[in-house]
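Trainee: Hi! I'm new to this one, could you walk me through it?
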Amino acid sequence: YNNSFLDADNKHANFLKMICLPGHVDDLFPFFLRHAKQIFPMLDCMDDLRKISDLRLPPNWYPDARAIQRKIIFHAGPTNSGKTYHAIQRFLSAKSGIYCGPLKLLAHEIFQKSNDANVPCDLVTGEERVYASEDARQAPHIACTIEMCSTNTPYEVAVIDEIQMIRDPSRGWAWTRALLGLCAEEIHICGEAAAIDLVTELMYTTGEEVEVRNYKRLTPLTVLDYALESLDNLRPGDCIVCFSKNDIYSISRQIEARGLECAVIYGSLPPGTKLEQAKKFNDPDDPCKILVATDAIGMGLNLCIKRIIFNSIVKPTVNEKGEKEIDSITTSQALQIAGRAGRYGSSFKQGEVTTMHRDDLVQLKEILSEPVQPVKAAGLHPTPEQIEMFAYHLPDATLSNLIDIFVSLSQVDGLYFVCNIDDFKFLADMIQHIPLNLRSRYVFCTAPLNRKEPFVCTTLLKFARQFSRNEPLTFDWLCRHTKWPLPAPKNIKELVHLEAVHDVFDLYLWLSYRFMDMFPDAVLVRDIQKKLDNIIQVGVCNITKLIRASQSAAVPGIAEVLAKNLKAYRSAARQEDLKSYGRGSLANRLLREGLLTQEMLRQLESEWQDQHRNGRYGLGSKRDDWNKTDS
């Protein structure tokens, strides 16, 4: 463990040099100790492991696609330009076709459109299979979420939507797989022009040319010269875009306090609830004329919006290394969201965009005026077959360690990157103590869940434990675990729990299509999931009542909330890109970013005057009093 050892020319030293980043020799010893049981066997099969983890030629993974000459057509344009419409028209006219989209809502929309046009089409998502025919025969057309597309079935036409997501740190691999692997005579790609160069380069490696068709926005979009500044200035057709659920709750309550009704849409709501809220907002006869939403409206929902109002222009993100950041929204994100205003064919012939706060408007204009950064690389992810081959050579390694070692040894060229695998490793570590075969363990670790939801993670753990004992997960077992039937929520905490239970039902359905014998009651679970969706819809319609009920109950002390928010702010302040908007006082910046509300600020000012200890403000000194305060 020193530089002279690393300078040596032997297989031990060469391996250690390979797994250590230059200049980070001090990181070696903990890594070595953690992986010692795997390292020594590795040295005898290093050449094999390096071949298995060589990711430099992904096109070769799909021999069926390479056996045909595919025609690649790139439909490039902004939101509301008709690019996807033209691709779908070709999909509908083909003898067979597959649509691959990023969301269940989008797949469901194409499924509905196809069947309405008398083109039999099946729906395939991770949790659901819906056949166009009553006898469950496979239709020649399929609408699916992109992770579910088949690379073995031949089609006349394939449509890959939102191709710019090929750069997504977590899901980009699915777009890469579809682009390189779909067996279709024609591949119609829809998305931002920023992805044209990368797609052209990728197709050059497969010997396929790309035809580019450019589209312009169908309706005008105007960036206003004034900010909203007050909710008193809202008008019908307005949509306020927030980047946190807390802001959604706060603003929706303030709107309804002014005697206005508003619809609410955010990412963790079930698809049925999102559609119901969108329908409520779009209905000209419904008194609900205002929408409060997260960037979940950026795709998948058809909304009649006149004006987009950014409540904030900073957003929490996760980078390619899995690190959390708070940064200004990108030009691509801003255009995607702003473009939802003035949708072609809606009652609004043009769209408008502005901000809630005057200070943000200048920067929003700068963001929207900048060119979209080109998409530079496509995501990859280790396949189950690759991990199984690693396990053959390293039988004592845990799945998490196999993934670590695979990524350490993997080689990619400049057109690709290895997607973030932190969620996979989190689940692998969580169920490591449960005896499962490698293939089953891998499937459990790819389950689509939010690891920030303890109830869902705990349920996955119980699923895996019962699965390992070869005991089927029955409907009765699931009802006992979730305490179904569940009442309508009385406060926000109960609404959030219902959303988590909905995710648990999704998880059951997802696993039921991979282990049908062990998760046998998919039909019954889908029925109660629909009932739960209706309960959640009622809760969302009464969201301001739930907020009031939550705030009248015991809540965290204001100092705890502020400390948490200040921690988030300090993390944001470390990001160099935030320097450009860090103008004004700390209080103003916290207000603008949604980390502090005016009500909290007034309460802090009052408490600051009353509560000092030894010349300092004691953040924990009056917690009991604060807990009694209605914030």
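Mentor: Happy to; we'll start with the whole protein and then zoom in. This is a predicted model: local features need pLDDT of at least 70, side-chain atom pairs count only at pLDDT 80 or more, and totals for chains, interfaces and linings use all residues. Residues are numbered from 1 along each chain as its sequence is written, and side-chain values use heavy atoms, leaving out hydrogens and water.

Trainee: How many helices and strands are in the protein?
Mentor: There are 27 helices and 18 strands, taken as DSSP runs numbered from the N terminus (helices are H or I, at least four residues; strands are E, at least two).

Trainee: And what share of the residues is buried?
Mentor: Of the 631 residues, 51% are buried, meaning under 20% relative accessible area with a 1.4 Å probe, protein chains only.

Trainee: Switching to H481: buried or exposed?
Mentor: H481 counts as buried because its relative accessibility is 13%. Its place is in helix α20, residues 475–482.

Trainee: Which residues does H481 touch?
Mentor: Leaving aside residues up to four places away in sequence, H481 touches F455, T459 and K462; contact here means heavy atoms within 4.5 Å.

Trainee: What joins the side chains of H481 and K462?
Mentor: A polar contact of 3.5 Å. That term is a pair of N or O atoms within 3.5 Å; within protein, one must be able to donate a hydrogen and the other to accept it, and residues adjacent in sequence count only if both atoms are side-chain atoms.

Trainee: New topic: how many residues of α18 are buried?
Mentor: Six of the eight residues in α18 (438–445) are buried, leaving this helix mostly covered. Those buried residues pack against α15, α16, α17, α19 and α21.

Note on methods:
Buried < 20%, exposed > 50% of the residue type's maximum accessible area, 1.4 Å probe, protein only.
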